[in-house]
Each structure stands twice: as C-alpha cells, then as structure tokens.
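This report describes selected local features of a predicted model.

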Amino acid sequence: FAEGELTLLRGLAHQAAQAIIGVRLAREARRRAAYLQAQRAIEIATSASLDLRLTLDVVLTQITAQLRVDAVDILLLNNSAGMLEYAGGRGFFSTSFHRFRLHPGEGYAGRAALERCLISIPKLEQANQHFGRARLHLLAAEGFVAYHAAPLIAKGQVKGVLEIFHRSPLETDAEWLSFLEALATQAA
C-alpha cells in the first residue's frame, strides 16, 4: 500500500471505530431509559393503588421485562406467622410455587431476608443444600439454572423477598445487580 492509501485506511478504521462506539452508547442509553420507565411505572402503581394484587402485577411485569428473566416471584413476610409467603409471581410453568412458605433464615430467600443482602446463585446445580429437596425438585422441574434473591426492605423493616429465576445462564454485571436492588427497594 502507498502512504496515501494507508492514511485513507487509518481514517476509515477510525470512523468505523467511532460508529461502533456510537452504536454501543445508543444501546446503553436506550437500556437506561427503559430502566427509568420501569421505575416510573412501579412508582405510579405503588402510589396510585391500594390494591396489592394490582401493584404486584405491575412490579412483576416490569421486573420480568427489564431484567430479561424467565420468572420472578415475591415472598411477603407474614409477621403473625413469622413466615415468608408467596404473594405473586410471573413466568412459572406450574402453580407449585403458590404454596411456598419458609421461615426467615431458611433457604436462600430466607437468608436474603435475615441477612438483608442480595444472594446470587449463577449455577443452581452447585447450590443444592440450601434450597431443600422439595424446592430443588420444583426448580429442576421448571428448568431453572440461575437464581437471585433480593430482600424487600422499607423503613428499615424487611417486608419480603424478591426472587429472580432464569432457565439459561444469566449474564449479569454491576449495573444489572444495582438495578435489581433498586427495583427491590422500590417494590418494598
């Protein structure tokens, strides 16, 4: 190549690189705008309705769509029974999760509530002892391979746990986990 051709190729390579960066930035901006819209929809639902079912439906729909997960449920703390109980879910094949109850500290969801921390299990096959046999059977029947549990904390009190399930490996990053925690806080 002649020097002029090399200069032209360098210029074209630079323009291509800038175009790729521009596309990446536009994709990131769209994702963040969608996150903000989801948070706004949850805010409207929680402030405009006293109907828990309606509010949970909006929260579960937004979480499933924005985090791009296969299934999600919310376990609410029943203070009189001292149990986390299924309050609503989306994306499950069976209704077996509807009967789910556990004590704070029991299983990963109970641990998330008791320790007030996010629990991430990217490979469920490596986490069998903490779910219990009955729950492991349900998870296997649904085909889940990834799991996250986030405590629902409002005014310093644990209100429940948000559980995320996915049927294939789930690629998460710090921004995804931060958004999960923000949605859990908002849901609480």
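By class, seven charged, five nonpolar and two polar residues make up the lining of the largest pocket. The volume of this pocket is about 300 Å³. Its lining comprises 14 residues, of which R31, Y35, Q66, R68 and W176 are the closest to the centre. Two or more lining residues come from each of the elements α1, α2 (52-67) and α5 (174-187). The largest share, five residues, is given by α1.

Backbone geometry is considered next. Most residues other than glycine have a negative phi. R116, although not a glycine, has a positive phi of about 55 degrees, and K155, likewise a residue other than glycine, has a positive phi near 50 degrees. The table sets out both residues.

| Residue | Phi | Location | Relative accessible area |
|---|---|---|---|
| R116 | about 55 degrees | loop between α3 (107-115) and β4 (119-121) | 43% |

R116 is partly exposed because its value of 43% falls between the limits of 20% and 50%.

On the surface, a nonpolar patch is formed by F1, L8, L9 and L12, which together have about 470 Å² of accessible area. F1 is classed as exposed because its relative accessibility is 78%.

Methods
Residues are numbered from 1 along each chain as its sequence is written. This is a predicted model: local features need pLDDT of at least 70, side-chain atom pairs count only at pLDDT 80 or more; totals for chains, interfaces and linings use all residues. Side-chain values use heavy atoms; hydrogens and water are left out. Patches are made of residues with over 30% relative accessible area and no salt bridge: like charges are joined within 9 Å, nonpolar side chains (Val, Leu, Ile, Met, Phe, Trp, Tyr) within 5 Å. Accessible areas come from the Shrake-Rupley method with a 1.4 Å probe; for residues, only the protein chains shown count as cover. A salt bridge is a side-chain nitrogen of Lys or Arg within 4 Å of a carboxyl oxygen of Asp or Glu. Buried means under 20% relative accessible area, exposed over 50%, partly exposed in between (1.4 Å probe, protein chains only). Helices (H or I, at least four residues) and strands (E, at least two) are DSSP runs, numbered from the N terminus. On a 1 Å grid over the protein atoms alone, a cavity is a set of points where a 1.4 Å probe fits but cannot get out, and a pocket is an open set with protein on both sides within 12 Å along at least five of seven lines; lining residues have an atom within 4 Å of a point. Grid points are joined across faces, edges and corners, and a volume is the space filled by probe spheres set on the points. Ala, Val, Leu, Ile, Met, Phe, Trp, Tyr, Cys and Pro count as nonpolar, Asp, Glu, Lys and Arg as charged, and the others, Gly among them, as polar.
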